[in-house]
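Please look over the sequence and the model below before reading the briefing. The points that follow are grouped by topic.

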Amino acid sequence: MVTGAWQKVKTANASELAPLLNQQEPSVNLAGTPAATINRVGKGVVVAMHGPVFRDYHQSHYPLLRRFIGDCIGALDTSKMIHVDGPWWIEMSARKKEGRTLIQFVNRSSSGYTAPNRHVVENVPDAGLSP
């Protein structure tokens with residue numbers, strides 16, 4: 001659940017991507033306004049999340065909120081771009097330099113910290129991805 005104020009939205013040219021819920025049960029807890037909308041403009045697509053989604057994700061890393069954000073990003077239909085199909089802790093950065101595409105992967109998982117107040121990691125588990 002995302003706390004805080006949500007903007008009430010009336011869709012004119014946009015379509016509802018996800019409904020805003022008062023609680024977690026879609027069949028009985030609809031708030032009557034979209035949580036996210038999608039709008040096709042010219043050759044592009046605009047996806048809007050109408051509440052403090054990233055603030056709450058920053059504070060909680062709640063898995064269903066990560067899925068909601070992923071679904072919104074997926075609706076942008078960036079099929080011509082590079083995508084990672086793997087666990088959430090694998091990050092990818094892609095850059096263009098001198099006509100080449102450079103890709104960097106970062107495995108953000110860890111098997112534990114050496115101390116609660118010092119984030120030194122002794123082991124990073126294999127991500128299970130093969131080149």
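**Salt bridges, core and surface**

D56 and R55 form a salt bridge in which the closest N and O atoms are 2.7 Å apart, a salt bridge being a side-chain nitrogen of Lys or Arg within 4 Å of a carboxyl oxygen of Asp or Glu. This is a predicted model, in which local features need pLDDT of at least 70 and side-chain atom pairs count only at pLDDT 80 or more, whereas totals for chains, interfaces and linings use all residues. Residues are numbered from 1 along each chain as its sequence is written, and side-chain values use heavy atoms, with hydrogens and water left out.

**Salt bridges**

- The search of the whole structure finds 2 salt bridges.
- D56 counts as buried because its relative accessibility is 7%, where buried means under 20% relative accessible area, exposed over 50% and partly exposed in between (1.4 Å probe, protein chains only).
- R55, with a relative accessible area of 38%, is partly exposed.
- R108 forms a salt bridge with E91, and the closest N and O atoms are 2.7 Å apart; this pair links distant parts of the chain, since R108 is in the loop between β5 and β6 (113–115) and E91 is in strand β4, 17 residues apart.
- R108 counts as exposed at 52% relative accessibility, whereas E91 is partly exposed at 35%.

**Nonpolar core**

- The largest nonpolar core has 12 residues, among them W6, L20, Y57 and F68, a core being a set of buried Ala, Val, Leu, Ile, Met, Phe, Trp, Tyr and Cys residues joined through side-chain atoms within 4.5 Å.
- Two or more residues of this core come from each of β1 (15–21), β2 (30–41), α1 and α2, and α2 gives the most, with 4 residues; helices (H or I, at least four residues) and strands (E, at least two) are DSSP runs, numbered from the N terminus.

**Hairpin**

- Strand β4 (residues 90–97) pairs with β5 in the antiparallel sense over 8 bridges, given that two strands pair if DSSP finds at least two bridges between them.
- K97 stands opposite R100 in β5, and in the hairpin of β4 and β5, with 2 residues between the strands, E98 takes a positive phi near 50°.

**Loop residue H61**

- H61 lies in the loop between α1 (53–60) and α2 (63–74) and is partly exposed, with a relative accessible area of 42%.
- The C-alpha atoms of H61 and K80 are 28 Å apart in space, and the two are 19 residues apart in sequence.
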